[in-house]
Amino acid sequence: MLSGVRQQMIALFLFTVLLTAMTGMHLFNPFMEFIEQTGVMFADTLFLNELSDNLASVDEALREYLTTRDSDSLLAYYEHMESLSGKSAYMKESKKFTGEQSDLLYSSIAYMLDTYKRYTEIAVQAKRGRTAHVYIANYEKADETANFIKDYISRLKEYHLNENIQWYSALSINISRLITSNYVLIVTVILLNIMIILYITYNVTSPIKKLSKVSEEIAGGNFDAEDIKVSTEDEFLVMANAFNKMKKSIKEYIEQLHDKAETETRLMDQKMQNLKMKALLNDAELKALQLQINPHFLFNTLNAAMQLSIMEGSDKTSVFIENLARLLRYNAGSMERSVTLREEIAMIVSYKELFDVRFGNIQKVEFDLAPEVLDAVIPPMTIQPLVENAYIHGLGDASENGSIRICAMAEAEMLVISVSDDGLGMSEETRQQILGKNNSNEALEQNKWRMHLTGIGMDNVVNRLKMFFGIENVIHIESRLGEGTTITLTVPFLKGKDYRPAARLNGEGDLDV
Amino acid sequence: MGRLYKYSIAGLLVILIGAFAMSIYYYNRMAMSQENAAYALETDVEAFHRISLIINNSDNLYWQRFKKGAMDAAIENRVAIEFHGINNADDTASVVMQMRIAVASQKDGVIVNTLDEISYEADIAYLVENGVLVMTTGVEGGKNSYFVGTNAFEFGQRAAQLVIQAVGENARVAVILDGTTDEIVGFSKEMQRYPNASIEAIKKTDGQLIGAVDVIQSILTDYPEVNAIFCMTPEDTLAAAQAIVDRNLVGDVVVIGTDLSDTPIVRRYIERSIIYGYIERNPYDAGFKSVAVLAGVLRGEFNPTFVTIDLDTVTKWDLGQYNR
């Protein structure tokens, strides 16, 4: 089995060449035979004509000599007779005398020439010896033999003619069919050669075309291009297999690079988030610290004031001061820590009582808290800024009978905290600003305006929640002008007081995996 | 490469092989027909000896079979035979000319059909003088010549016996001659043994079927008493049988023939007793032996100068035996 491309091509080309050569030789053969047969026919006829002429010349010279006894005639006789003898010898040498009719006639002519020569020689000798009856008798015999020879030459020519006619008729009967077969043969050989050339060309170019097509796709970045399939078992198969392996290797290598780059990007993003969170915490702490002007002095002072009020019998004042101290202590704690919802609510209660003393109990605060969520962990100062906003902006201009409702519940492993007021409500523009979807200067100014007691704005709360829980959508605001506002915070429901987002960070802000 | 392509290749290969086969077939047929035309009765083996065969024309069934035998013997003995058909058995001039040609062309031997001993005596002597062996068939050629053939007298006798066997001693016979006289001598001699039998007519035909029918029709018209016809050639025998059928004389006249081949039509004639029987002179054997004996002599072997070919008599009974 020829497996190599080169061997296959050589074999197929040799096949086509041999096929064409064989066909050519096959077609050539009858025509060669025809030419040969025609040549033999003409050569035989020519020879027999020369023989007849030669015989006539001898006869003429002999007759002239016998009648005139002229020496020139005798010389002519000898000359022509020599030629005739040569022909007779040639005829005996050149032919094998078989039972074939033409051979028999041919041999008879050759032997009759000998007989003729013998009679003529006797006649010439007799003429020289002047024995008339002898030369006349032998001349007559020679003449009779010459006639026989002429008759045989004529019969041989006729035989040859008949033979050639038979040959030609046999040829003509079959020649048209032979030509038709040969036409079919030629056309078939041409078609077969074309098919073989196409086969060779297709076999050689097809894998190269496939290779080139897939190469182009790979060059365009498509490593998912189909594998090259080659059905033959030759060098093209080896080449295709190697190419397919190479494509697969490159694809795997690029995927590895891609994964690495993705991991690095993710790490960078994480790092950036951590840095941002740290910045926010720092900012919140800074704001809180600004309020802690000598907190020990302030707490001691507030304690002294509380004791003074107790001693003076001013219970309300002492409660007021106690609430204030509690509020300040809560605010003075680290912003990185986590608190329970219970602690945040307690701080809000203190805050509310301060407000009641300050503005009178004109606004009502209601709590609707599911008991199971009270131990949920949240960042400190998460709900307080919302309540403060409700007091100041939601109910600020509604002098009395306003109410604030604080709800907390668990929903599908999420903690949902909502702060609602039935105050003035806010415009859509304001709502968008709070959600961070409007960053105009005016919006930023409003945000600043919204910082009150703690100095912590809504954006700070939202950003801290995002970073604390690692999720994006934490806030939802529903508000209608004149009807009120509900701000809902939705965060993962986490339990455990020790949970602190700051614990996820090391000193340099890298991710501690 | 699709399936269509493979089928196309396979189809083309089949056509190619077919075209090649057809081309070779027609080419061979061409060559064979040429060869058949040229060598039908010849051999291309180189001959040791060259002889002339001077016999009656090849249309005659007897001489056709004779020639076939001679040609077969020629191949077997590596003898080249130059055939000269003489159209008319009486054409002695043509026979003589062929004899002289045999001398001029230095033939080793001559086989010649002679009708009588006298006509060719000098010519046979001339051949012998010039070193040409002479084999005669028909009648003996005389001194220094060889003979292969049937005994003409015996042939005539056997035919007469067959006539008596067929129609009884009151035979009224018409004889169609083949040219020689010895046969009729033997026939007459035998007939004379039966006083009530007689030869009513002796005629000759041209040896062709149509001509023979005319002659026989005239015999049947002119000689209504004839109840048997003796023919000396197969052509005349068949013509006589056809004439009897044509004239509705089946059962009234019977034919005694010569040298018939065992063909369906001959069998039919014999089975219906139109031809009572025939004398078989075995021409193939005669032809074969004439060449074989001559070739043996040329090789220097001893051979008898007189070789007779057996005569066979074939009747309906013989055919019946053969069929069994």
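Modeller: Angles under 35 degrees count as roughly parallel, over 145 as roughly antiparallel, 65 to 115 as roughly perpendicular and the rest as oblique. This is a predicted model, in which local features need pLDDT of at least 70 and side-chain atom pairs count only at pLDDT 80 or more, whereas totals for chains, interfaces and linings use all residues. Residues are numbered from 1 along each chain as its sequence is written, chains are lettered from A, and side-chain values use heavy atoms without hydrogens or water.

Colleague: Are H1(A) and H3(A) roughly parallel or roughly antiparallel to each other?

Modeller: Axes are lines fitted to C-alpha atoms, for helices over the stretch in contact, and angles run from 0 to 180 degrees between N-to-C directions. The axes of H1(A) and H3(A) cross at roughly 15° and come within 11 Å. The two helices, H1(A) and H3(A), are therefore roughly parallel.

Colleague: How many nonpolar residues has the contact of H1(A) with H3(A)?

Modeller: Contact means heavy atoms within 4.5 Å. Residues of H1(A), including A:Leu51 and A:Asp59, meet residues of H3(A), including A:Ile109 and A:Lys127. Ala, Val, Leu, Ile, Met, Phe, Trp, Tyr, Cys and Pro count as nonpolar, Asp, Glu, Lys and Arg as charged, and the others, Gly among them, as polar. Besides three charged residues and one polar, the contact of H1(A) with H3(A) has 13 nonpolar residues.

Colleague: With which residues is A:Ile109 in contact, leaving aside its neighbours within four places in sequence?

Modeller: Leaving aside those neighbours, A:Ile109 is in contact with A:Leu51, A:Met91, A:Ile149, A:Tyr152, A:Ile153 and A:Leu156.

Key: Helix = DSSP H or I, 4+ residues; strand = E, 2+ residues; numbered from the N terminus.
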